[in-house]
Amino acid sequence: MKPLARLCSRVLDIAYPRICRHCHRPIERELQATALCAACSRLCVLDMSTQLLDPLWVTSLYTYKSPLLSLLKSWKYSRDMQALQTLTWYWRKGIVSMPDEYFAGAVVTWVPMHFSKYLYRGFNSARQLALDVPGEKRTLLWRYLPGFSQAGKGRKDRLATAGFAIVPKKYNVQKVVLVDDIVTTGATLRACAVALLPKTGGNVRAVTLLRADSL
Ligand SMILES: [Zn+2]
């Protein structure tokens, strides 16, 4: 870095210290390229877990309690691009740690957003994450309901009313990897998998950045 640029960067650091998105303490100078302080970075440990959420297998890379949740919120709700950059680093680290056969021959798709939410937010975080997953990326699902209340409904009804439809395509896909940012109850991923069943013969698996501890 040139001396003048270094001086400007130093003045900006003093005037506007970068704040850790998780604990809100200033970030150490040597970590200025990240959105987390050293203590919070140490908490972001890869903790891969695969579970069956019938009818699909879901692999999640980090727990909900990790500081990555703060990064995800900063990116999704405040369009914090430095948070996205740091989050992407951890996401890629998790994806390359997964077995190659998980993605072999698969078409990669993502949990879709209703267009009204997309217009409001301007991007779909699941789609952004999917771009870093190996394999051919395709829009396979469409969400035709903006939201749905699942209170008091049985499992069958929840799946039937989730509001997902497959985009009509001439080709068939043999295997699909579905991407989302968080898995909580798994109801959304299950609904997507059910919508994809006629096309894939049930060969759908999912990968998410975070998982809720209750799973
Ligand atoms: Zn911190």
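Because the model is predicted, local features are reported only at pLDDT of at least 70 and side-chain atom pairs only at pLDDT 80 or more, whereas totals for chains, interfaces and linings use all residues. Residues are numbered from 1 along each chain as its sequence is written.

The protein chain contains 8 helices and 8 strands, where helices (H or I, at least four residues) and strands (E, at least two) are DSSP runs numbered from the N terminus. Of its 215 residues, 33% count as buried; a residue is termed buried if 20 or more other C-beta atoms lie within 10 Å of its own, exposed if 12 or fewer do, and partly exposed in between, with C-beta atoms placed from the backbone. Among contacts in the protein chain with a separation of 6 or more, 69% join residues 24 or more positions apart, two residues being in contact if their C-beta atoms, placed from the backbone, lie within 7 Å.

Helix α3 (residues 68-78) packs against helix α4 (residues 81-96) at an angle of about 135 degrees, and the two axes are 8 Å apart; axes are lines fitted to C-alpha atoms, for helices over the stretch in contact, and angles run from 0 to 180 degrees between N-to-C directions. That angle makes α3 oblique to α4, since angles under 35 degrees count as roughly parallel, over 145 as roughly antiparallel, 65 to 115 as roughly perpendicular and the rest as oblique. The contact is made by L68, L71, L72, S74 and W75 of α3 together with A83, L84, T86, L87 and Y90 of α4. These residues divide into 8 nonpolar, 2 polar and no charged, with Ala, Val, Leu, Ile, Met, Phe, Trp, Tyr, Cys and Pro counted as nonpolar, Asp, Glu, Lys and Arg as charged, and the others, Gly among them, as polar.

Within α3, the residues L68, L69, S70, L71, L72, S74 and W75 are buried. The loop between α3 and α4 holds R79, in which phi is near 50 degrees, a positive value in a residue other than glycine. R79 counts as exposed because it has 12 C-beta neighbours inside 10 Å.

The largest nonpolar core has 49 residues, and those with the most contacts inside it are L68, L87, V176, L178, V179 and C192; such a core is a set of buried Ala, Val, Leu, Ile, Met, Phe, Trp, Tyr and Cys residues joined through C-beta atoms within 7 Å. At least two residues of this core are supplied by each of β2, α3, α4, β3 (107-110), α6, β7, α8 (187-200) and β8. The largest share, 6 residues, comes from α8.

G186, in the loop between β7 and α8, counts as buried because it has 21 C-beta neighbours inside 10 Å. G186 and V58 are 128 residues apart in sequence, while their C-alpha atoms are 8.7 Å apart in space.

Y144 lies in the loop between β5 (141-143) and α7 (155-160) and is exposed, with 11 other C-beta atoms within 10 Å. When residues up to four places away in sequence are not counted, Y144 touches G163 and A165; the C-alpha atoms of Y144 and A165, which are 21 residues apart along the chain, are separated by 7.2 Å. G163 itself is found in the loop between α7 and β6 (164-166) and is partly exposed, with 17 other C-beta atoms within 10 Å. Between G163 and A195, 32 residues apart in sequence, the C-alpha to C-alpha distance is 9.4 Å.

Most residues other than glycine have a negative phi, and most peptide bonds are trans. In the model, H24, which is not a glycine, has a positive phi of about 65 degrees. H24 is placed in the loop between α1 (3-15) and α2 (38-43) and counts as exposed, with 9 C-beta neighbours inside 10 Å. The peptide bond from D54 to P55 is cis, with omega near 15 degrees, and P55 is located in the loop between β1 (49-53) and β2.
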